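Visitor: Hey, I've got a structure open and I'm a bit lost. Can you walk me through some of it?

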Amino acid sequence: MNDSRLPAEMSEGLIVVALGASAGGLEAITALLRSSQPNGHLAFVIAQHMAPQHRSLLVELLSKNCDYEVVGAEDGVEIKPNTVYVNTPNTDISVVDGRFHISLPSDDVGAKPSIDKLFKSLAINYGSRSIAVVLSGTGSDGTQGFREVRDAGGITIAQQPDTAKYDGMPNSAIRARLADLILSPEEIANYLSDSHHRPEVLKSVGKDEETVVSVDSLIERILTETGLDFRQYKRATLERQLQRRMSALRLNSIDDYFAHVDKDPDELELVQRSFLISVTSFFRDEEAFDALGKVLDNIIKQAEQSRSIRIWIPACATGEEVYTIAIMLAERLGATLRGFDVKIFATDINELNLDIARQGVYVDAAVENLSPAMLSTYFDLEANKYRIKKWVRDMCMFAKHDLVKDPSFLRMNLVSCRNLMIYLNNPLQDQLVNNFHYALNPGGYLFLGKSESIGSTGDKLFDFVDKTNKLYKRKSGVVSYGRFSGALTKGINNTVQSLKNTNNPSPAHRIEEKVFSALIDSFAPPSIQLSDQFQPIKYFGDISPYLKINPGKANFDIVSLSHPQIQTEVRALINRVSRGEQDKIDHIVRFKFPDDVTSTVNISVQRVVDNISETQAYIMSFNRILETPAVSTDNPPKASADAGVVEELEEELQRTRDHLQAVVEELETSNEELQALNEELQASTEELQASNEELETTNEELQATNEELTTVNDELQAKSILLTDSNETLVNIQRSLDMGLIVVDTDHRVARFTPQAVRLFGILPDDVGHKLTKLPRHIDVPDFEKLLDNVIQSGSPVRRELESKGEKYLMNISPYRRDQGIISGAVLTFTETTKLSESIDHASLVDAMLNEVGKVISEGVMILAPGFAKILHVSQRLEQITMRNSDVLLRDSETFLDIVDHGDRERVANHYKDSETQGWDMTYKIKRRDGSIVKVHDVAKREEVDAHEHDIITSIIRVID
């Protein structure tokens, strides 16, 4: 995040610490703040779960236990240092531009306030100056917010589970590998005390060669230990995350960090996970997804014949984008969705993210921007979280896949790769664009993030559909090969390193090049760097005297470019060195320079081999040997006879030269014939190479198909395990049910039943799949088949009371609904109600007897439960005495105390509400409805019922005045 957009106070050193806590959190918060001292840089924001109607006492309690100013957070208040801000009940708290935003929860689900929402707002507004702390609590609130804070460059701290009263929330963050540090509350306070002194150890990256080498060594070590290759990621991204990690650990140098890695091998996994930035959300960037909606409409039209839609989402993170596209397809296809074979392949290299995506369970902060209608249609509410409905998850298949190493998927209608390539170097971006073109069907679409592009290479492969929203369409008739061979990977790595060295030379590198050039000019002979095909790549020094460009067809091999005086010697040297006879070969010749001076020149050719990249080059040098002038003597010249011998030798030498020239010409003719033959062989080789490429392409298609089948198989295995678990759970539930249960399909065929159902139906294990209406019944159910049909067709449940052989049952028939609300059968339950019916009949008989007795006696009778929790019976005479209807007294026992005279009410209430009382004998006044006041004598006695399981109190009330 760019700190320049923050208020001045925030950019000058204010660090905001968000404390998320739930059950047991007060103890942890108090311990943390008690151990912390104000330093002018810290501000605390507390998000403590509490009941909506609860009056918070946190401000008063914390003020007594810390040296900070503790206040309640209010909407619009600016965050200031040395202050602790406490949330108010039944509100969500977030931060916007350095000020608090207090809002009512969007729904009634989930704990309040949402810790995830606070952490997310902190990450957006404070970036690297945010610290998120999860303390004691149950559930997983705060885990999603941890990911946001970490990806924004902030620090995440989880309470040591052993020190937490409830370790659910800390363990959730720890298991997700999102906690930078795991500390006790006191250790967290010590860590925060100097959090504003962050070591800026990587400021010199790009200038300090030793630091550059160290970072490269870390990347190589991660590759060796974890298998993940970050060599082609943008260096700034990796350095920023490494800086964040080192700041969290309070390490001041790369060397200190390497020492920490040696002590804690798990650190490599933690840092590589932080390199894999996973910022995603549902319908992120609405304008772009609106544009994608039009593309999906076109894809659906294209698929009308094949009825197949295939989408690939690489780097899917935790799955929000995957399910977004699945929902968009479901919205457009509606009821026709079942008629299409929709496969959404979602891949990533982070297995923890894939686990989250497969489960499809998200906290309320993740779905806060979705409409209630969308939530109810595509999500199920489960324990304060939202789970994607199973029929939506069935469209999506998740698998681990490395875009760099693994083959691309094939025959896709859409590839959506958003906000991944911004972290990669240009050569790898170009290769991925090529891979995506290879993966798409003709006319398929590519969807990128707003900060990404297809580059210059992609212009040949794709046409623009929506330039603003980065939607592209695959060009037809353009061939691409979606492979990443080892040699190509090495070539890209070398190119990346070369680009780094060329585009961003450090001062030390620049002066090194100048020194190198000066040494070449001063001490090295004129030389040429040759490729392995003996074509010039680079010249060192003044090489012009030894080269000559001849008219005619251009030929850039070194023999053709050599001066005619030395072509023969150059050809012989190259021939010898290419056969591998020696790594360096020298040959001395006489060479006439342009100034008509003839000198001796030593021509040398040397082979240079790079064992790492398995490539080679050659260096050809021309070393002019300076000759010492001959010393003059007093001897007279030789005789004329000697002069004749010299002349003869010169003539012989000339004849030898002529013969040699003829031989050379013959050799050149032979060489041309060999060259023609070589060209024919090369043409054949190219044909074979083309055939080989076709075979490689076919092999890649088979690999991609195999990858797809592996993905489908993994998904099926996961679903099979889930189905097995669900089936075992269902079987155990059936065994534990103390009632008859039968499940039938729309044709009344038995799918499941419990043993208790055998008492009512003659069902055997072999009867599964047979029609229930055709099986023998031990109980009479009028219009049984019609009842089943009505429930299945209307979806309305039916309840009937049945009787068989003196036993009574309550039959309930409910519709069996699937995920999409489709009724696919009925569920029948039979609950025995014999004893319940007898109890009800007995209670009715007793109540009738009490009413008859109450009519013939002059006293009023009231039967109540101990403690006056409930009035069980009121006689007719008591209704007359109190002038109150029995229904009113039975509905609310307090009504009886309301009619007691005010002066006697407290005394009467004490007797009636004493749950341990054995009875009473008292006199008091009551006020009747007509306003008259009468004096009554109330005698009560406690009686035991059902062997002490239930007691009742019988009160006899008579008028005495």
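Predicted model: local features only at pLDDT ≥ 70, side-chain atom pairs only at ≥ 80, totals over all residues.

Visitor: Okay, and how many bridges do the strands β25 and β29 pair over?
Guide: Six bridges, with β25 (residues 740–745) and β29 (residues 823–832) running in the antiparallel sense.

Visitor: What's the strand order in the sheet they belong to?
Guide: The order is β26-β25-β29-β28-β27, five strands in an open sheet with antiparallel pairing. β26 (750–753) and β27 (798–804) each have a single partner strand, so they stand at the edges and one side of each has no neighbour in the sheet. On average, neighbouring strands here are turned by 20 degrees against each other, ignoring direction.

Visitor: Which helix packs on that sheet?
Guide: Helix α24, residues 784–794. It touches β25, β27, β28 (807–817) and β29, and its direction makes about 125 degrees with that of β29.

Visitor: Switching to helices. At what angle do α10 and α11 pack?
Guide: About 120 degrees, and their axes are 6 Å apart. Angles of 65 to 115 degrees count as roughly perpendicular and those over 145 as roughly antiparallel, so α10 is oblique to α11.

Visitor: Which residues make the contact?
Guide: From α10 (residues 254–263) you've got Y257, H260 and V261, and they meet E267, L268 and V271 of α11.

Visitor: New topic: α14. Which of its residues are buried?
Guide: N353, L354 and A357, in a helix that covers residues 351–359. Looking down the axis of α14, the buried residues fall within an arc of 100 degrees, so they line one face of the helix.

Visitor: Last one, zooming out. How many helices and strands does the chain have?
Guide: 29 helices and 34 strands. The chain has 961 residues, and 44% of them are buried. Also, of the contacts with a separation of 6 or more, 61% are between residues 24 or more positions apart.

Conventions:
Residues numbered from 1 in each chain as written. Heavy atoms only, no water. Buried < 20%, exposed > 50% of the residue type's maximum accessible area, 1.4 Å probe, protein only. Helix = DSSP H or I, 4+ residues; strand = E, 2+ residues; numbered from the N terminus. Arc of directions from axis to C-beta. Pairing = 2+ DSSP bridges. Axes fitted to C-alpha atoms, helices over the stretch in contact; angles between N-to-C directions. Contact = heavy atoms within 4.5 Å. Parallel < 35°, antiparallel > 145°, perpendicular 65-115°, else oblique.
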